[in-house]
Amino acid sequence: MADVQLDWNNLGFEYRNLPYRYRAYWKDGAWYKKELTGDATLHISEGSTALHYGQQDFEGLKAYRTKDGSVQLFRPDRNAARMQTSCERLLMPQVPTDMFVDAVKQVVKANQDYVPPYGTGATLYLRPLMIGVGGNIGVHPAQEYIFTVFAMPVGSYFKGGMTPTNFTTSEYDRAAHKGTGAYKVGGNYAASLFPGQEAHANGFSDCVYLDPVEHRKIEEVGSANFFGITKDGTFVTPKSPSILPAVTKYSLLYLAEHKFGMKTEQGDVYIDDLDRFAEAGACGTAAVISPIGGLEHQGKLHVFYSETEVGPVTKKLYDELTGIQFGDREAPEGWVQKVELD
Ligand SMILES: *Cc1c(COP(=O)(O)O)cnc(C)c1O
């Protein structure tokens, strides 16, 4: 690799101004000026709907360095499809899948010296994002949009990686059932900042949200989906209209069933019925799989497998998923895409 020297083994999850990002502009029904730029600053009108009314959505995916030095993406077409549904919900224009995947590949290629070396567990995180821009003040969708993709090398999201951490339930909601919980929009995150800070202040990794109707069923963590492994080996994830449909979760559901022959279930996960689970975890692109040691609810800590050790099924799923992502294990058809490098 060129002359980029970073402490690859100790990267956090922090913004870094890399040499290149992709940018495209939308007006009058079409994308234009689609190109890489070195400018990390956006110049937008103070009337932009993204600033006032949260007309904004985003994605998150990673590029992985494989053993032979090549670089690959994990299911970028799924992120493109999800961004299309988010844009539809917020009355924003669509980025076609080809354009999305091409933009991501261009950014990885242009910043290839920043894709961390194989074996460090670190990756190049990609952040596609769209904002409504232009001079507006009325509550209407914007007339103009910017789609941009930037990147940064990252280590693991939850400190401690595969070591379990404790979570707590929150008395707050991040999303309503017919709101925007199923879409990757900034507003959901704005709503989660305060409860997240409260959880951290109380010594927890993050909080787990309960269903916004009765607060009886687990929904998800603020930036990762919840899963549990029942005592008889079923992989269970909550089903709810206000959960973000995570690429990681659907990949784990597939691997649990087709690779490991486990039973899988998307259904109700009652907070007062956690004894059915032998293991639990949080999953997402950034978090990968973070084992949940204990979950606190109304002052009582429910410990799943152990507060200090990861359970065997969680470990097995993690090894398979990351093995596929880093190119060490065979991927199901269409799951990985090579990035052409210089
Ligand atoms: C992005 C996100 C996830 C994880 O989704 P992946 O596609 O696996 O990265 C989970 N929950 C929320 C709320 C998210 O925003």
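Visitor: Is Ser-48 buried or exposed?
Guide: This is a predicted model. Ser-48 sits in the loop between strand S2 (30-37) and helix H1 (49-52). The cut-off for burial is under 20% relative accessible area. Ser-48 has 0% relative accessibility, so Ser-48 counts as buried.

Visitor: Which residues does Ser-48 touch, not counting residues up to four places away in sequence?
Guide: Contact here means heavy atoms within 4.5 Å. With residues up to four places away in sequence left out, Ser-48 touches Gly-132, Val-133 and Gly-134.

Visitor: How far apart in space are Ser-48 and Arg-82?
Guide: In sequence, 34 residues separate Ser-48 and Arg-82. In space, C-alpha to C-alpha, the distance between Ser-48 and Arg-82 is 23 Å.

Visitor: What does helix H6 reach from its first C-alpha to its last?
Guide: H6 covers residues 312-325, which is 14 residues. At 1.5 Å a residue, 20 Å is expected. The model comes close to that, with a reach of 20 Å.

Visitor: Are helices H5 and H6 roughly parallel or roughly perpendicular?
Guide: The axes of H5 (residues 247-259) and H6 come within 10 Å and cross at roughly 110°. Angles of 65 to 115 degrees count as roughly perpendicular. H5 and H6 are therefore roughly perpendicular.

Visitor: Which residues of H6 make the contact with H5?
Guide: From H5 come Thr-248, Ser-251, Leu-252, Leu-255, Ala-256 and Lys-259. The residues of this contact divide into six nonpolar, two polar and two charged. On the H6 side, the contact is made by Leu-317, Glu-320, Leu-321 and Ile-324.

Notes: Residues are numbered from 1 along each chain as its sequence is written. This is a predicted model: local features need pLDDT of at least 70, side-chain atom pairs count only at pLDDT 80 or more; totals for chains, interfaces and linings use all residues. Side-chain values use heavy atoms; hydrogens and water are left out. Helices (H or I, at least four residues) and strands (E, at least two) are DSSP runs, numbered from the N terminus. The expected span of a helix is 1.5 Å times one less than its number of residues. Axes are lines fitted to C-alpha atoms, for helices over the stretch in contact, and angles run from 0 to 180 degrees between N-to-C directions. Angles under 35 degrees count as roughly parallel, over 145 as roughly antiparallel, 65 to 115 as roughly perpendicular and the rest as oblique. Ala, Val, Leu, Ile, Met, Phe, Trp, Tyr, Cys and Pro count as nonpolar, Asp, Glu, Lys and Arg as charged, and the others, Gly among them, as polar. Buried means under 20% relative accessible area, exposed over 50%, partly exposed in between (1.4 Å probe, protein chains only).
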